[in-house]
Structure formats: structure tokens, C-alpha cells
Amino acid sequence: MLQRFLITCLLLIPEILSAQTASIKGLIRDGREPIPFVNVGIDGTNRGAATDINGRFEIANLQAGSYLLKVSAVGYESWNQNINLKEGEIKELNIFLKKTSQDLKEVVVTGTMKESFLKDSPIKVEVLTPKLFQASPASNVIEAVQAVNGVREQINCGICGTNDIHINGMEGPYTLVMIDGMPIVSALASVYGFNGIPLNLIERIEVVKGPASSLYGSEAMGGVINIITRRPSNMKGLNLNSYYTSHDEANLDLSGAFKAGKNDAFLLSANGFRNQRRIDRNADGFTDLPTSERLSGFGKWEHLRPGGRTMSLAARVYAEDRFGGEMDWTKNDRGGEVVYGESIYTRRYEVIGNYTLPLRNNPLRLDLSWNQHKQDSYYGSTPFMAEQRIFFSNLVYDKSLKNHEVLAGFTFRHQYYDDGTVATTEPEIRYIPGIFVQEEYKYNKKGSVLGGLRVDHHEEHGFVFTPRLAFSYRPDEWTTFRLNAGKGFRLVNLFTEDHAALTGARDVVIAEKLKPEESYTLTLSLNRVYAFILGSGTWDADVFITRFNNRILPDYSIDPNEIHYANLDGHGIVRGMSLSADHAFTTRFRSRLGATLQDAYLMEPATDGTLHRTEQDFTPLWTGQVSVSYDVEKPKLKVELSSKVTGPQYLPVFPEPFARATRSPVYTMFDLQVSRKISKKIGIYAGARNLLDYTQDSPLIDPANPFGPNFDTTYAYGPLQGRRFFFGLRVE
């Protein structure tokens, strides 16, 4: 009898508890759309939940009483409300969150490797959204990112069109390019890797000027460009962007997202670009720009796990067939010695994933990436068959403690590289472990100080230390001062980015044990939000100086059959200042202005031991940009005009009879676009790029003898493609 009574009591306990406890459940939305991954918590307790993929949450088993419910999500204003619960009550809530101001509170992650609002980040981060780089149709990331003041594209080869990004006068190899925080585009991939990233899958692009090696390691000497891809849970339906130009260029970006179940979302994207029209406007017998056919596919899976933890996995494949050379070149001439052509086949595979470990408060995150880059190419009759494989992992600890934000982690990088040239007698394999720690201390509501240190170990170079120190101060809500100092470094990568120079049967001579290149940078910046009778906006001012040591330079002059590599005995300097402003005269009329002054040079020892100054080639003494947009009420058109003026650059010196000007002229580029929404989701646009039709003269030296010893393709300082008109369609 007693046993039956106890069993009955045990069975009744859940019924009794459910009758006495209450719960809060609800839906959180941004307008009509649900918001996933929102933090919902009860103030003063450890009770809380996170919304699922459909924006729903529930906090169960609460005692009757009064609670302060707090709701927060990165990119939205916080929401607080007192809730009174009765015994057994189920409180249903519909919560609407407002997005924060994009000018002041844009969410960024690149500066400190953790989410923060733009205004609160001690590291200055400049953000590009799709609306900015849609002002003129771009087919790759390099074209898009030039909208940032002080960032410019540099063409390194006048035939095959290799290019890179210069930030504040620092050359392309000193810029680290990441996708979702992973260093995907590096070393060999930096030569052509930018071209295959579909723009329609980009949520935003974050640009940090100055060294960030204390967090990201090698190649982050001059700056970091982090391409943040779109979250599947934030997309809905089909997105399309397609355009065609009068130069027979065709581009198609197509993406779509869908949900599978309660906690899973998927994104699929594809990009295709084709340009097969050969143009020889400068009459040197060679194509002015390379022809190209490329395809790229991207997929991303996002999974919401219990406790608000997330997991994601993304993959991308990329294939390109690129050609530049003499106008009558055919596939049968590939690798031959009669008709000169540079033919490059690229195949690339990438995988990126992250996983938040199932620990209390989610302090640990694991990031993983793997990529393989294969290049089958001929530069004239010289083959270049290269393969690079990189595995990278991050284990990151992220903790907030009152006024302290602590970040620490372990990194590991494995790199395989082989190009089959005389410069690489056997595959190069590197294992690079590292550890970093960073702390941000907010000493009051107006200021913070950030310190960081990274230590990497390299088999050739031993331990490499890279510190960083940053201060920020906000005397009021609308003004921010930032002072940043840091060290950057770059590993010895002789043959990954400089492969085009390694032609023929030259022997490689390394005159000494090469040291990693390193830099020391100091940057002072001021940001101000303002308003007056003619509108409102923001303006920025920056002053910067960088000194870099151990620069690795090839010397071809000692022996015509050899390439000598050594660290520079002197040092290099890049210094300058920039000003920019984003102003809204009205809700329909906006403008962006910017200017950068820079001075870049090397101090090298002369025969008597004294240092003498050598100007750095292809670095404009100044640049400027202006863009305006105006919404015409009738017939509902948007007109966008953007321009960029490039000041004089020092250029390479060639002997007679091939001598060219040693300074480039000033030139200006104009782009015009007119767009119209024909429905809520569909829009069309048309316009012209390089409206003034300016191009430089031939970038080739001795093009009449392309297999001869004087042939050179590096004299490229300005645009090589003239005016072209375009028409496009967008579905969002």
C-alpha cells in the first residue's frame, strides 16, 4: 500500500510543478521578418534563451513574480520590459527590435576579432555595404573595395592582368584578405584569387588600415580586408544581379536561401563571368586586358544549437581560364615560342567552418579552414605549374568581465607549396603554430585601452613576436579619437607572389639567411558626427607612418643567369594623411568625399655607407575621390556619379632605347549609373564606366620582341580599358 502511494506521488510531481510554475515565450521580429540568435534573459538571474531560426524563444519553469526581461541582438537597439507572472501563466510576447544607426553603430568584427559596434571599437574599421559597391557594377572584390579612401588597385602585369590592393601606400603582399575571418586569399592565391568571390553573397566588407599581425599573423602588415558573407538565416528568397557591357562582358550573380526545419538554414550562390573580346586600342599588337571565363559556386549551412550556440560550414569552388597576349594567339600556341601568350588555368577549392563549444556562456569557438589552389599556366614558353594547400585553425577564448574584454587563442597553419620551377627544387612544407592574447579595458564610459601580443613559431625564423597597443577616447557621443601602434610581419614567400619574374633558367642565390619582413606603424584618427543647416554626416581624419625593415628584394643585375635575394640593409617609410566625409544634404541627396596624401620611399646604403632615398614605384603622391547620389522623385530614378583622381606616381626606369617617363600624369576616372525600381524586388540599372575614356599608353616594353631579353610587362600605372556602357538587372 505504501509503495503504491509513493509511486502515485512521484507521478503527480510534474503536474504539481507545472501548475505552480510559469513561462515566457514569444516572437522577435524586425518589421515583418523574424530575427534569429537574439539573446533573451531575465535580469539578475542566469535564466535565458536564444531565438531559433524563426525568431521564437521560450523561458520555462519560472516562479510567479515580477521580472525584468532584457533582449539584445548585435545590430539592434536593446529592449527591456517588466513582466509580471502569475502561477501557471504562459506569457506570450510579440517584440519588435529597431536597427541601430548605420553611421554610428555598424557591427564590426575585424578590428578585435569579436563583435562590437563601430563607434565602440578601439581599432578603426571602415565598412563597405552592398549599396556602396552597387553604385557602379563591379565583377570582383578589388573593384568594389576601391570605394574606401586610401585603398586602390594596382595592376602588376600589363598582359595577364594580375592585380592586388594597396592600402595607404603599402604594397599588395602586405595586405591580408580574409573570408569570414579566415585567411583564405594569401600567398599564391593573392595573384588571381580576388576575382572569384561573388559579390552577391557579401554582407559587408570590413577594412582595417595598419598592422593587425597581433591577431592575424603574417601578411597583415599594411592592413586587413575581411569579406563577411551573408548569413542564410538573414536571406529570403532569390537574389540575382546580372549585367552586360558594350565590351561584351557578361556577369551573372545568383543566390538563394531556404530554411530546413526549425534550426537549419542554407545559402547557395553561383557566379559566372565571360569576356572574350580582344581589344588592342594602344596598337602594340597585344590585348589591352586579358580575356576571361570563370565560374564560382558557394554554399553555406548554418545550424542553431541549444543555448544559442551556432555552427556553420561553407564551401566554394572556383575555375577560371584567362588569356592575355598577341592578338592572333590561339590555344595551339600555348607554351610555344612563335606567338606570345600568357594562358592561366586556375582551379580553387575552399572550406570554412566554425563551431561554438558546448560550454557555459559559450566562451570557446573553433574556426577551421582548408583551401587548395592549382595553377596550370604558361608565360610565353615558360611553364608555371603551381599548387598550394593551406589548413588553418583557430581556437578562440572570448570572455567579458565587467570592464574587461578578454580574447585569447591558439592558431595552427599548415602550408604546402610547389611550383615546379628552378626556384623550388622540392615542395615547401611549413607548420606554423601560434598563440595570441588581447585585453580591452574600458576605464570609463568615454575611453578604453587595448593591448595585444602574438607569438608565432617558424622553423626557419624561430619565434616571432608582434605586439599591439590602442587607445580610444570619446569626449561626447559624436566624437571619437583613436591612437594605434603595432608591429606587423610577413613570412619569407619568395616564389608564391613573385612567380612571373621567375622565368628562364636562372639560378636562385640566397645571399644570406632571410629574415621575415617587419613593420612598425603609428596611426592617429579622429571621427566626428555632425549636423548643421545643410544636412548631417560624418567626417574622418587620419595621420599614419610606417617603417618597415628586412624588406626582401630580388636583384637581377649581379649576374644575368642568377637571381640574388637578400634583406634590405636600410629601411622603408610610408607616411601620410587622409580626410574623408560622408554627408547627407537631404534624404535624397548624399555625397562622399575623400583625399589621401602619401610619401613612400626606401632608404638604402650607398657605396660609402650613407643612406640615400629611393622613391617607391606605383605609389601615387595623392589620390582623391568624390561620389554623389540623388533620388529623383519623378520618375523615381536614382542617379549616382563617382569619380577618382590619381596623382603622379614614380615609375620604373628602363635603359635606351626603351626609356619611358619616370612619373605618370594625373588622371581622373568617372562612373555614372542610373537605376530604377520597377517593383519592390526588381530593379534595372544602366550607365557608363570610365566616362572620360582615359587609358594609359602601352604598358609593355619592347612588345615587338616578346621572347627577347628586354620584354617587360610591369609599366602599368593607369587604366587599360576605355569607356564602356552597361545595362543590368537586380532581383532582391
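This is a predicted model: local features need pLDDT of at least 70, side-chain atom pairs count only at pLDDT 80 or more; totals for chains, interfaces and linings use all residues.

Aromatics, then. The count comes to 15 aromatic pairs. Take Phe-412 and Tyr-431. Their ring centres are 6.4 Å apart, with the planes at 35°. Edge-to-face needs over 60 degrees and stacked needs under 30, so a pair in between counts as tilted. That makes this pair tilted. Phe-412 sits in strand β26 and Tyr-431 in strand β27, 19 residues apart. Phe-412 is partly exposed, at 30% relative accessible area.

Next pair: Phe-654 and Tyr-715. This one is edge-to-face, 6.2 Å centre to centre and 65° between the planes. Both residues lie in loops, 61 residues apart. Phe-654 and Tyr-715 are both buried.

There is also an aromatic cluster: Phe-286, Tyr-340, Phe-707 and Phe-711.

Now charges over rings. Arg-663 has its charged end over the ring of Tyr-650, 5.3 Å from the centre. Arg-730 does likewise over Tyr-685, at 4.0 Å.

On to the surface. Which strands each supply at least two residues of the nonpolar patch? They are β29, β32, β33 and β36. The patch has about 1,000 Å² of accessible area together, and its members include Trp-622, Val-666 and Met-577. Met-577 lies in β36. Its relative accessibility is 36%, so Met-577 counts as partly exposed.

Last, Asn-168. This residue is in the loop between β13 and β14. Asn-168 is buried, at 10% relative accessible area. Among its contacts are Gly-150, Lys-209 and Phe-544.

Conventions. Residues are numbered from 1 along each chain as its sequence is written. Side-chain values use heavy atoms; hydrogens and water are left out. Helices (H or I, at least four residues) and strands (E, at least two) are DSSP runs, numbered from the N terminus. Buried means under 20% relative accessible area, exposed over 50%, partly exposed in between (1.4 Å probe, protein chains only). Contact means heavy atoms within 4.5 Å. Patches are made of residues with over 30% relative accessible area and no salt bridge: like charges are joined within 9 Å, nonpolar side chains (Val, Leu, Ile, Met, Phe, Trp, Tyr) within 5 Å. Accessible areas come from the Shrake-Rupley method with a 1.4 Å probe; for residues, only the protein chains shown count as cover. A salt bridge is a side-chain nitrogen of Lys or Arg within 4 Å of a carboxyl oxygen of Asp or Glu. Rings of Phe, Tyr and Trp (its six-membered ring) pair if their centres lie within 6.5 Å; planes under 30 degrees apart count as stacked, over 60 as edge-to-face and the rest as tilted. A charge sits over a ring if NZ of Lys or CZ of Arg is within 6 Å of the ring centre and within 35 degrees of the ring normal. Lists of a residue's contacts leave out its neighbours within four places in sequence.
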